[in-house]
Amino acid sequence: MCTFEKKYCLDTDENKAFLSDICKNLLAFGHHFPSPGGGAYYLGDDGTPWKERNRETWITSRMVHVYSIGTFLGHPGSEELMSAGLKGLTGELHDTKNGGWYAGLTCDDQILPNKQCYAHAFVILAASSAVLAGCPDADQLLEEALQLYDERFWNEEEGLSCDTWNTEFTVLDDYRGLNANMHTVEAFLAASDVTGDEKYRIRAGRIIDHVKGWASANNWRIPEHFSKNWIADLECNKDKPDDPFKPYGATPGHGIEWARLITQWALSTYKQNTEVASEYLRLAEALYRRAIADAWNADGAPGICYTTDWSGTPIVHDRMHWTLAEAINTSSVLYHVTGKQSYADDYATFMQYLDENVLDHVNGSWFHQLNRENHVIGTVWPGKSDIYHALQATLIPYHRADLSIAPAVKESASQASAI
């Protein structure tokens, strides 16, 4: 039984209404992201575009994804915003000479060097969602994105993806990273759900099995950084521990996010084999519980610390909004799958923290970074770059755990309209 205020409690009408209001606020907040060329502007504190910052492919892709979902929710303007972002992915951010997508463009339209696995995974996610929304050219975009990814990033022998090429795809960086592979799992599951091609779900499982081995050997703290031979580099960026993409140590938010993706993959892969599915659910629970034990309220104040060392001691105490979003997602999913009350209790705790500390009740959206005293700062994530993590956290708690979020929302919308 939930002892919190009803709007924080999972499966109550009050909580559903609370999340619905947050969802509508987020979709309204993001309306000004498109540049004239379609690349996404980085959004400021009140949703005003910061036009002096780079227009990056990963942010553009996320905005296409969320406004594709917005079309299923009936949010006004979603179709136009989705199409605007798609224009950026098929236009100014697309490298017609070398293939693939630039990391982004500067404010004066100079190309950002390198081709990132991370960004290309999000192009697949965006295209998959836009296909579901019936956006013109989305099918072609998805086909090209999958083909390019297969050719340049996926290593069939290893069952993992590389990380970064130069712009011309002639020099591959030696760094290998799990962040890009995590979002590859997300993208592959979405592509499989949308296209029906199960090879992408199988590939997601191969990545997950690697994570299972590395995490189980490391007390359920997942190594993030590797050499080209996939040897873990546990000291990577020790001199820059708050790096936004390659921080030193364990990233509890990623442990939480992996737990949800593993659950989705297991439920969708082993529908007829509950014994094997249960094995992976136990993995998901172990990752989630380790991350929460290490990072939640670890310094006497609520919030999830950004990073810890390999013994679980917090290193960067700042709270990033995306870690809370993933905690909301995963606690709700694990409760609905296992029925264990502790997950529902966690969910209510996270929802209260969201309301009291992370929601911007004045300007909209979520504060992206708070310090250990829960004061808003912007040393790593100034402004409010995009709405992807936050929006998904308003939807995943009440949609199918075995299906990617865009097809799940579309399915729910179709069922509601048929009643």
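Leaving aside its neighbours within four places in sequence, which residues is leucine 160 in contact with? The residues in contact with leucine 160 are Phe153, Trp154, Asn155, Asn181, Ile207, His210, Trp214 and Trp230, where contact means heavy atoms within 4.5 Å. The structure is a predicted model, in which local features need pLDDT of at least 70 and side-chain atom pairs count only at pLDDT 80 or more, while totals for chains, interfaces and linings use all residues. Residues are numbered from 1 along each chain as its sequence is written, and side-chain values use heavy atoms, with hydrogens and water left out.

Leucine 160 lies in strand β7 (residues 160-161). Helices (H or I, at least four residues) and strands (E, at least two) are DSSP runs, numbered from the N terminus. With a relative accessible area of 1%, leucine 160 is buried; the term buried means under 20% relative accessible area, exposed means over 50%, and partly exposed lies in between (1.4 Å probe, protein chains only). Asparagine 181 is 21 residues from leucine 160 along the chain, and the two C-alpha atoms are separated by 7.0 Å.

The structure holds one disulfide, a disulfide being a pair of cysteine sulfur atoms within 2.5 Å. Cysteine 2 and cysteine 9 are joined by it, with an S to S distance of 1.9 Å. The torsion about their S-S bond is about -70 degrees, so the disulfide is left-handed. Cysteine 2 counts as partly exposed because its relative accessibility is 25%, whereas cysteine 9 is buried at 3%. Cysteine 162 is in no disulfide; the nearest cysteine sulfur belongs to cysteine 117 and is 6.2 Å away. Cysteine 162 is buried, with a relative accessible area of 8%.

Histidine 317 is found in the loop between β12 (314-316) and β13 (319-320). Its relative accessible area is 17%, so histidine 317 is buried. Not counting residues up to four places away in sequence, histidine 317 touches Asp299, Cys305 and Arg372. With aspartate 299 there is a side-chain to side-chain polar contact of 2.8 Å. A polar contact is a pair of N or O atoms within 3.5 Å; within protein, one must be able to donate a hydrogen and the other to accept it, and residues adjacent in sequence count only if both atoms are side-chain atoms. Cysteine 305 counts as buried, at 0% relative accessibility.

Helix α13 (residues 405-418) has 14 residues. The buried residues of α13 are Ile405, Ala406, Pro407, Ala408 and Val409. These pack against α2 (57-73), α4 (117-132), α6 (178-195) and α12 (388-393).

Definitions and conventions
Expected span 1.5 Å × (residues − 1).
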